[in-house]
There are 2 protein chains.
Amino acid sequence: MTARLRMTVAYDGTDFSGWQGQPGKRSVQGDIEAAFRKLGAPEDIRVHGSGRTDSGVHARGQVFHVDPFRDYPARKWMESLNGVLPDDVRIMEAREVAADFHARFDAIAKEYRYFIFCGVNMPPDLRRTFLRVRSPLDIPAMHACAALLQGEHDFKGLSANRGYPERTTVRHLSTLVIEDIPEGLMVRAAANGFLYKMVRKLVGCLLYVGRGEMSLENVQDLLDHPRRTPHPPVVGAEGLYLWRVWYPGDPA
Amino acid sequence: MTARLRMTVAYDGTDFSGWQGQPGKRSVQGDIEAAFRKLGAPEDIRVHGSGRTDSGVHARGQVFHVDPFRDYPARKWMESLNGVLPDDVRIMEAREVAADFHARFDAIAKEYRYFIFCGVNMPPDLRRTFLRVRSPLDIPAMHACAALLQGEHDFKGLSANRGYPERTTVRHLSTLVIEDIPEGLMVRAAANGFLYKMVRKLVGCLLYVGRGEMSLENVQDLLDHPRRTPHPPVVGAEGLYLWRVWYPGDPA
């Protein structure tokens with residue numbers, strides 16, 4: 001009997017209240033558990049994600065684990081689930097893992113991507129997956145800001161910290177880069193962990209700097225004195241993707 | 001009084017029965033005319049597109065002309081329309097043109113783009129705008145096929161010709177190229193005109209060759225003897241965009 005399955009799932013977050021979601025609303029986790037039940041799983045089947053994603057946030061590479069109730073090969077589970085899942089959720093990969101693998105506790109790094117359309121009128125096919133930015137941006141200043149934020153810092157000032165004073169807010173942001181894409185810009189952020197709303201604050205910070213509303217000194221101040229420095233805004237969820245989650249032994 | 005306006009419009013074609021559409025169903029042209037009426041236009045206001053697009057086909061650069069009923073600058077028309085249009089239609093550009101400009105009769109060339117995801121499981125955020133192709137493709141053979149089809153030919157065998165024997169089915173396909181994109185492939189096709197369903201047959205032909213179901217000789221035969229050669233399939237509308245329409249004097 002297959003002990004445990006690790007699955008990678010992609011979703012269009014537009015019509016979900018999030019990975020976990022609010023009671024009575026549609027959640028990705030809830031839809032996946034419902035799909036398992038359609039395949040005969042017991043009522044109390046549970047899938048365990050690497051972490052939550054907010055309402056409207058998309059994923060290309062969210063990971064969850066689940067203990068199967070029937071001895072199917074991983075590939076067969078993937079195909080069967082994709083046959084009953086709604087068309088905005090798709091299992092991309094499935095593999096058997098050790099019985100003690102845990103999608104949340106074993107995750108060692110995550111990558112998010114944020115997509116930005118630069119211009120006044122945005123083509124409507126991008127409206128679910130891009131943030132529209134109308135004002136001109138100082139791209140070199142944004143690159144300098146990204147370089148400043150990269151590395152190990154206390155990111156309290158770049159999160160919507162809910163105040164657990166006993167938990168560290170230091171994270172190692174191994175990648176924060178801005179890339180040109182045909183439609184505008186893509187921000188890639190990878191770290192050993194992200195605080196609540198941290199990616200959307202990082203992007204908000206980059207855009208504030210790009211519009212000249214914050215200086216690099218303000219950003220440094222935000223890292224040094226998060227309590228007394230005004231925080232940048234949280235940008236919209238529609239441009240954000242959870243792109244990948246890494247576990248020990250995964251290829252770079 | 002502004003004599004005539006030329007407008008460029010982008011739309012997500014998913015929820016439309018097409019540019020013109022069937023009676024009682026939602027059409028892009030109908031939604032734009034309704035938007036004009038919301039701005040006070042007479043009941044019989046008409047917008048004239050460069051041509052129809054089928055149900056589900058998207059646009060980044062469809063063009064239409066309209067005779068305004070009020071003396072607004074073009075930019076103001078664009079902003080006002082975008083304020084009342086549904087979120088799957090957006091006016092991208094507007095300019096004043098000569099009173100005899102005609103979006104359909106004056107068009108000298110069009111470009112379409114077709115987006116293909118290569119793989120078994122497609123990320124759901126691509127499902128409205130990409131065709132999914134599961135089988136492996138022989139890319140060099142597809143490039144050879146594109147090179148063969150490019151140029152001036154009788155494209156009767158690559159259209160869903162409705163049989164007007166008096167009308168020519170010769171077109172000059174100035175561009176047919178396959179480009180790598182992060183998600184898979186993009187086909188760009190530009191011509192001085194396209195026959196009914198011609199782009200979707202061209203892509204069908206490229207995919208048949210890529211899967212080894214058609215040889216380059218079969219393709220040549222299709223151009224030489226359209227009546228006796230089996231036609232390739234029409235691929236799905238969801239991957240197709242009307243990307244641009246050219247008029248005399250437009251930049252390349």
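In the predicted model, 12 residue pairs, both members at pLDDT 80 or more, are found in polar contact across the interface of chain A and chain B. Six salt bridges are counted between chain A and chain B. In one salt bridge, the side chain of Asp12(B) meets that of Arg127(A), with a distance of 3.0 Å from N to O.

On the side of chain A that touches chain B, two or more residues are given by each of strand S1 (4-11), helix H2 (74-84) and strand S4 (89-97) of chain A. The largest share of this side, four residues, is supplied by S4(A). By residue class, the side of chain A that touches chain B comprises 11 nonpolar, three polar and nine charged residues.

The size of an interface is often expressed as the accessible area that is lost when the parts come together. Between chain A and chain B the buried area is about 1800 Å², and carbon and sulfur atoms give 51% of this area. Within chain A, the most area is lost to chain B by Asn121(A), Asp125(A) and Arg127(A), which together account for 31% of what that side buries. In terms of contacts, 23 residues of chain A are in contact with 23 residues of chain B.

The arrangement of the two chains was also examined. Chain A is superposed on chain B by a rotation of 180° with 0.0 Å of shift along its axis, at an RMSD of 0.0 Å. This is the relation of a two-fold axis. Both copies use the same surface, as 100% of the contact residues of chain A recur in chain B.

Technical notes
Residues numbered from 1 in each chain as written. Chains lettered and ligands numbered in written order. Predicted model: local features only at pLDDT ≥ 70, side-chain atom pairs only at ≥ 80, totals over all residues. Heavy atoms only, no water. Least-squares fit on C-alpha atoms with pLDDT ≥ 70 in both. Contact = heavy atoms within 4.5 Å. Buried area = accessible area lost by both parts, 1.4 Å probe. Salt bridge = Lys/Arg side-chain N within 4 Å of Asp/Glu carboxyl O. Polar contact = N/O pair within 3.5 Å; in protein donor to acceptor, adjacent residues only side chain to side chain. Nonpolar A, V, L, I, M, F, W, Y, C, P; charged D, E, K, R; others polar.
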